[in-house]
Structure formats: C-alpha cells, structure tokens
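This report describes the fold, the nonpolar cores and the aromatic contacts of one protein. Please consult the sequence and the structure shown below while reading.

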Amino acid sequence: FQAAPAAPAPVATPPAAGANQPASNADRARENKRQAAQQAELDRLRREVETLHRQLDSKQDELNRTQQQLEQLRSNLQRRSDDAAGQRKQLAELRAELDAKRQSTNADAAGIAQLEKNVADREAALRAKDKEVADLRASLASVAEKSRVQQANLEKLQKQSAAEPPSIQLIEPELAATRGQPTIKLPGPVASLVVVGRVETVPGLVSLTVNGREEKVDNQVFRSSVPVGDTEEHVRIVAVDRNGRKTTLEFVVPPRAKPAAPAAAMATQRAGTPRVGHPRPTEPVKFGSYHALVIGNDDYRFFKPLRTAIADAKEVARVLQQDYGFDVKLLIDAKRYDILSALNELRAKLTFNDNLLIYYAGHGELDEVNQRGNWLPVDAEPNSTANWISNISITDVLNAMNVRQLLIVADSCYSGTLTRAAVGHIEGGIDDAERVRLMQVMLQQHSRMALTSGGIEPVLDSVGGKHSAFAQAFIDVLKANVGVLPGQEMFQDLQSRVIAAADRFDQHQVPEYAPIKFAGHESGDFFFVRVANQ
C-alpha cells in the first residue's frame with residue numbers, strides 16, 4: 001500500500017450553545033471573509049463574461065471581413081478565369097492561322113514570322129494569366145480555411161455564452177421526496193456519510209464546494225465526506241461555471257440514529273462493548289454454505305514489501321473459519337497463477353447453494369491508460385502488466401460463477417475501480433418477521449458485492465498496529481456481530497472506523513461498498529451469519 005494523500009480540511013461546525021462572544025465574533029469574521037471571497041470570485045466571473053461578449057463581437061466582425069474578402073476573391077477568380085479562357089481561344093485561332101500560312105505555297109516569310117511572334121506573345125500572356133488564376137485559387141483556399149476556423153471559434157463562443165447553468169446530480173445517497181427541503185435516509189448509526197455526485201457544464205467548471213469546502217471533480221464526478229451528528233446537518237453543494245452561472249443543491253442529513261440493541265446483547269452493551277448485527281432468526285433461513293479465498297501478499301520481488309497483509313489475511317481467515325464456519329483457502333505471497341487457479345477451482349465446484357467471500361490484501365496499481373485497477377501478485381513487475389490481475393480478469397471469472405452471494409473484500413490501492421453504483425439495503429426500524437421475509441427474498445437472487453478499502457486512490461498499509469486500518473476495522477466488526485449481519489450494515493460501521501483511524505494520522509481514506517461492475521449482480525446483499533455456538 002501507499003500513503004494516502006492528506007485529508008481535506010474538516011467541515012466547520014457551528015459554535016455550541018453558551019459559546020462566548022469572542023468566539024461568535026470570530027465565526028462572523030470568518031463568514032464575512034468567506035462571503036467577501038465568494039463575491040470577489042463572482043465579480044471576476046462577471047468580468048470574464050463581459051470579456052466573452054466582447055470577444056464574440058470581435059470574432060463576428062473578423063468573420064464578416066473575411067467573408068467579404070472571400071467574396072471578392074471569388075469574383076476576381078471568375079474574371080481571371082474568363083480572361084484566361086478568352087486568351088486560350090485567341091491563341092488557338094493564331095496557331096491555326098500559323099499552321100495554314102506554313103502550309104500555303106505562296107506565303108511570305110515576313111508574315112509567318114509575325115504570326116510566330118504573336119503566338120509566342122499570346123502564350124506568355126496566357127502563362128501569366130494561368131499563374132494569376134492559380135495564385136487566386138490558393139488565396140481563396142487560405143481565406144476559406146480562415147473563415148472556417150473563425151466560424152468554428154464563433155460557434156464555440158456562442159455555445160459558451162448561451163450554455164445552461166451547471167447541473168448537479170446526486171448519485172449517492174438517494175434523496176427522499178419531501179414537501180420541504182430534500183432529506184436523505186441514513187442507512188444506520190454512522191458517524192459520516194460519503195456524498196457522490198456528478199456535475200456537468202459546457203463552458204467549464206470553476207469551482208465545486210460542499211458546505212464551503214472546495215472538492216476535487218474528476219471526470220465530472222465528485223466525492224465528499226459529510227459528518228453525521230446528533231442534530232440534523234444541512235448540506236449545500238454549489239457549482240460555478242466560467243460564465244459565472246451558479247447552481248446550488250441543498251439537502252438535509254438527519255440526526256444519527258441510535259442503534260437498536262438486540263435483547264440478547266444488552267448486557268454486553270451495557271458493559272461497554274458495542275455490538276452489531278441482529279439475532280439469528282428463530283425460523284429457518286436457507287443461507288447456504290460459506291466459502292472463502294483469502295489472499296495476503298507481503299514479500300514482493302519488484303515492489304516495496306508490505307508489513308501487514310499476511311497478518312491481516314491470517315486473522316481474517318481465522319475469524320471466518322472459527323466464528324462463521326467458512327471453508328477457507330488461504331494463499332500467502334501468491335503468484336498470478338496461484339490466484340487465478342484458485343478462482344477457477346472455486347468456479348468449477350461451487351453452486352447456487354454456496355456463498356463465496358474473496359479477501360485480497362496486497363499491492364494494487366492503476367493502469368493510467370485505461371483507468372483500470374489491478375491486483376499485484378508477488379511476481380508482478382513494475383514496467384510490465386503481464387503478471388498483473390486486472391479488474392476485467394477478476395470479473396470475467398466471477399461472472400461465470402453460479403454462487404448465490406459473492407463478496408470481494410479488497411484492501412489495496414485503487415480498489416474502488418471494481419465497483420459501480422450504490423446498493424439497496426434492508427431499512428432499519430422494521431420488525432423481525434419483516435426482516436426475515438426480506439432476507440428470504442434477497443437470498444433468491446445473485447448478489448455480487450465489493451467492499452473496498454478506498455476509492456480510486458492510495459490507501460494506508462498500517463497505522464502502527466499489526467493490521468492495516470481497514471483490516472482491523474473489518475475484523476473488529478465481524479467479532480462484534482451478534483448473529484446475522486447484512487453487508488451494508490457491516491460497511492457503515494466499518495467505514496466510520498476506517499475514516500476515524502485515518503483522520504488520527506492526518507490521512508484521507510474512505511472505504512466503499514457497491515455492486516461489482518460487469519459481474520452479474522441482480523439484487524440483494526451478502527449476509528455474515530455467525531455460527532450458533534459463538
């Protein structure tokens with residue numbers, strides 16, 4: 001793994017009740033400064049718009065002059081071409097007369113000499129006329145190209161001037177339709193929420209802010225982490241284009257819900273150990289059998305060795321096997337052949353009655369040409385992708401599998417390139433009977449999910465312990481499960497833990513959980529079912 005880039009500045013929070021007056025004045029001063037900066041930026045954009053309109057007028061004048069020049073050249077070319085045609089006709093007549101004189105028996109030498117001189121003069125004049133026509137044609141082509149370029153530039157400026165304001169589309173989370181300000185529905189008791197959206201604008205984007213914090217926009221997509229507290233949080237997304245047009249999207253994040261504690265775990269919770277998940281259903285639910293392929297790579301031949309990947313893999317394998325009854329295959333310092341062979345072996349033997357978890361801890365790399373993530377086996381080489389395992393290779397194998405639930409847990413750099421849009425989940429607050437019914441429905445479909453330690457960015461290898469920040473959170477959440485833990489709920493708890501761990505080291509890392517691209521996901525989720533005697 002590589003060190004993640006520095007975390008963005010934390011979102012400012014309003015002062016607590018009873019804050020002293022100097023703090024309030026400082027807040028107002030900061031707000032006034034922010035508003036002044038925004039106004040200065042808008043003034044600059046308005047000046048750019050005025051400049052754009054002046055450029056439009058200037059380009060239109062240039063185009064008009066070029067069009068006039070073009071028409072004049074075409075007229076001159078027509079006249080010169082007509083003159084050249086007339087001279088060719090006269091030259092042909094002189095040549096015919098000269099041939100007749102030469103063939104005549106009584107023609108005088110002086111007359112023939114004069115005709116020869118006239119033919120030579122006419123040929124010289126015609127060559128000069130042909131050169132004039134050729135030069136005019138070249139000038140006409142040059143001016144026509146100049147006119148085409150000016151027309152294209154003018155149309156581009158016109159499009160920029162007439163373009164619609166920026167559009168902001170929220171991809172995740174989904175907004176609930178309300179009569180008041182739009183509100184999102186929290187998936188559970190989370191400490192923060194990842195907001196993913198798309199912004200489009202023709203003139204080009206100047207800035208995109210989330211609650212006043214500048215966010216990076218990559219290929220029209222932006223991501224931002226929004227805190228979830230004990231009171232509702234107002235989120236304001238603002239996009240400004242180069243024409244000074246501004247679009248604002250606002251919604252409310254409700255207060256963090258306190259998790260309902262299962263009765264069986266109340267005593268443990270009161271003792272101070274947080275628990276997750278739901279008690280095992282009293283009625284039978286056909287979850288199927290569970291299998292896992294766990295991969296941990298530390299000892300790389302051509303890349304920097306890692307410190308925790310093998311320890312992460314061994315502990316994950318132990319927890320899955322002992323606490324959850326998984327049939328586990330563990331690969332340590334695996335080569336490309338080892339990984340693909342194990343995947344193909346599982347593809348051949350598993351059926352719809354089986355569930356599969358694939359855990360990968362090791363180096364990851366982004367192919368800059370096609371923006372595709374790759375797992376790096378220990379025999380991978382830096383300057384050759386021959387031994388890399390791309391997302392496409394992984395999903396091709398997964399797509400051929402007939403297992404019921406499939407989850408990839410990838411703790412590597414650039415692992416977020418595996419996933420696509422957000423996933424649906426079982427809502428909180430429903431009774432046990434309805435929860436069992438929904439689980440039964442979800443278990444009838446192919447589920448293909450990925451839990452990744454980060455997005456399209458480097459992630460942390462270690463934060464000082466024997467496990468990576470992501471692996472430690474994953475292990476802790478699995479150990480805290482009291483019975484049945486849907487993947488979406490597991491992710492919400494894990495994400496909060498990883499973000500908090502990264503923040504302590506002034507790093508930015510946001511895990512993701514979503515269906516795998518091109519792997520045959522239908523619906524549903526992955527369920528972690530703790531064995532009955534645990």
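The protein has an accessible surface of about 27400 Å², and 49% of this area belongs to carbon and sulfur atoms; areas follow the Shrake-Rupley method with a 1.4 Å probe, and for residues only the protein chains shown count as cover. The model is predicted, so that local features need pLDDT of at least 70 and side-chain atom pairs count only at pLDDT 80 or more, while totals for chains, interfaces and linings use all residues. Residues are numbered from 1 along each chain as its sequence is written, and side-chain values use heavy atoms, with hydrogens and water left out.

Of the 534 residues, 43% count as buried (under 20% relative accessible area, 1.4 Å probe, protein chains only). The secondary structure comprises nine helices and 21 strands, taken as DSSP runs of at least four residues for helices (H or I) and at least two for strands (E), numbered from the N terminus. Among contacts (heavy atoms within 4.5 Å) with a separation of 6 or more, 77% join residues 24 or more positions apart.

Strand E11 (residues 289-296) has seven of its eight residues buried. Its pairings, each requiring at least two DSSP bridges, are listed below.

| Partner of E11 | Sense | Bridges | Example |
|---|---|---|---|
| E13 (residues 354-361) | parallel | eight | Gly296 with Ala361 |

E11, helix H4 (residues 309-324) and E12 form a right-handed β-α-β unit; right-handed means that, with the strands pointing away from the viewer, the path from the first strand over the helix to the second runs clockwise.

The largest nonpolar core contains 72 residues, and Leu320, Leu357, Ile408, Leu451, Phe474 and Phe528 have the most contacts inside it. Helix H8 (residues 469-480) supplies the largest share of this core, eight residues. Such a core is a set of buried Ala, Val, Leu, Ile, Met, Phe, Trp, Tyr and Cys residues joined through side-chain atoms within 4.5 Å. Beyond its neighbours within four places in sequence, Phe528 contacts residues including Leu320, Leu357 and Phe474.

The whole structure holds 10 aromatic pairs, defined by ring centres within 6.5 Å (Phe, Tyr and the six-membered ring of Trp), with planes under 30 degrees apart stacked, over 60 edge-to-face and the rest tilted. Tyr290 and Phe526 form an edge-to-face pair, 5.9 Å centre to centre with 80° between the planes. The two residues lie 236 residues apart, Tyr290 in E11 and Phe526 in the loop between strands E20 (512-515) and E21 (527-529). Both Tyr290 and Phe526 are buried, and one aromatic cluster includes them together with Phe474 and Phe528.

Terms used:
Buried < 20%, exposed > 50% of the residue type's maximum accessible area, 1.4 Å probe, protein only.
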